[in-house]
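This report covers helix packing and aromatic pairs. The model is shown below.

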Amino acid sequence: MIKTHPKFRVAESFQPHEVRLILNLLGIKWNPNKVSSSGWTLISSPLRIDKHPSFGLNIRKGWFKDHARPDIKGDIITLIQYVKGSNRREAERWALSILNLNQN
């Protein structure tokens, strides 16, 4: 049985390089030249057809918010859930394997 890694309890505990690795592996494209000093950028939604970028993404902390659908927001694990169509436990397991974190 997988244990929830403490890293998944607080979004701030993700390192920026870990967030960028996860985004890259999910196929989420963003332009480093369009990131604000606080880490936010607008991209086209990876969850739906989006003619105008309306998906807020913090590439430092892994937070996101779909401005066209205010109910769709959360941390990097929730984003993995949406993109991969998985539940939280599966998303955590995938992230653990990607980041090579020890589950013990």
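## Helix 1 against helix 2

In this predicted model, the axes of helix 1 and helix 2 cross at roughly 5 degrees and come within 11 Å. Angles under 35 degrees count as roughly parallel, so helix 1 is roughly parallel to helix 2.

Helix 1 contributes Val-19, Ile-22, Leu-23 and Leu-26 to the contact, and helix 2 contributes Ile-76, Leu-79, Ile-80, Val-83 and Lys-84. By class, this contact of helix 1 with helix 2 holds eight nonpolar residues, no polar residues and one charged residue.

## Helix 1 against helix 3

Helix 1, residues 16-26, also packs with helix 3, residues 88-99; the angle is about 110 degrees and the axes are 11 Å apart. The range 65 to 115 degrees counts as roughly perpendicular, which means that helix 1 is roughly perpendicular to helix 3. The crossing of helix 1 and helix 3 is right-handed.

On the helix 1 side the residues in contact are Glu-18, Leu-21, Ile-22, Leu-25 and Leu-26. On the helix 3 side they are Trp-94, Ala-95, Ile-98 and Leu-99. The contact of helix 1 with helix 3 divides into eight nonpolar residues, no polar residues and one charged residue. Ile-22 and Leu-26 of helix 1 take part in the contact with helix 2 and also in the contact with helix 3.

## Aromatic pairs

A search of the whole structure gives two aromatic pairs. One of them joins Phe-55 and Phe-64, with ring centres 5.6 Å apart and 10 degrees between the planes, and is stacked. Phe-55 and Phe-64 are both buried.

Phe-64 also pairs with Tyr-82, here in an edge-to-face arrangement with 6.1 Å centre to centre and 85 degrees between the planes. This pair links distant parts of the chain: Phe-64 belongs to strand 3, residues 64-66, and Tyr-82 belongs to helix 2, residues 76-84, with the two residues 18 apart. Through these ring pairs, Phe-55, Phe-64 and Tyr-82 are linked into a cluster.

## Accessibility within the cluster

Tyr-82 has 38% relative accessibility and so counts as partly exposed.

Notes: Residues are numbered from 1 along each chain as its sequence is written. This is a predicted model: local features need pLDDT of at least 70, side-chain atom pairs count only at pLDDT 80 or more; totals for chains, interfaces and linings use all residues. Side-chain values use heavy atoms; hydrogens and water are left out. Axes are lines fitted to C-alpha atoms, for helices over the stretch in contact, and angles run from 0 to 180 degrees between N-to-C directions. Helices (H or I, at least four residues) and strands (E, at least two) are DSSP runs, numbered from the N terminus. Angles under 35 degrees count as roughly parallel, over 145 as roughly antiparallel, 65 to 115 as roughly perpendicular and the rest as oblique. A crossing is left-handed if the near helix is turned anticlockwise from the far one by less than a right angle, and right-handed if clockwise. Contact means heavy atoms within 4.5 Å. Ala, Val, Leu, Ile, Met, Phe, Trp, Tyr, Cys and Pro count as nonpolar, Asp, Glu, Lys and Arg as charged, and the others, Gly among them, as polar. Rings of Phe, Tyr and Trp (its six-membered ring) pair if their centres lie within 6.5 Å; planes under 30 degrees apart count as stacked, over 60 as edge-to-face and the rest as tilted. Buried means under 20% relative accessible area, exposed over 50%, partly exposed in between (1.4 Å probe, protein chains only).
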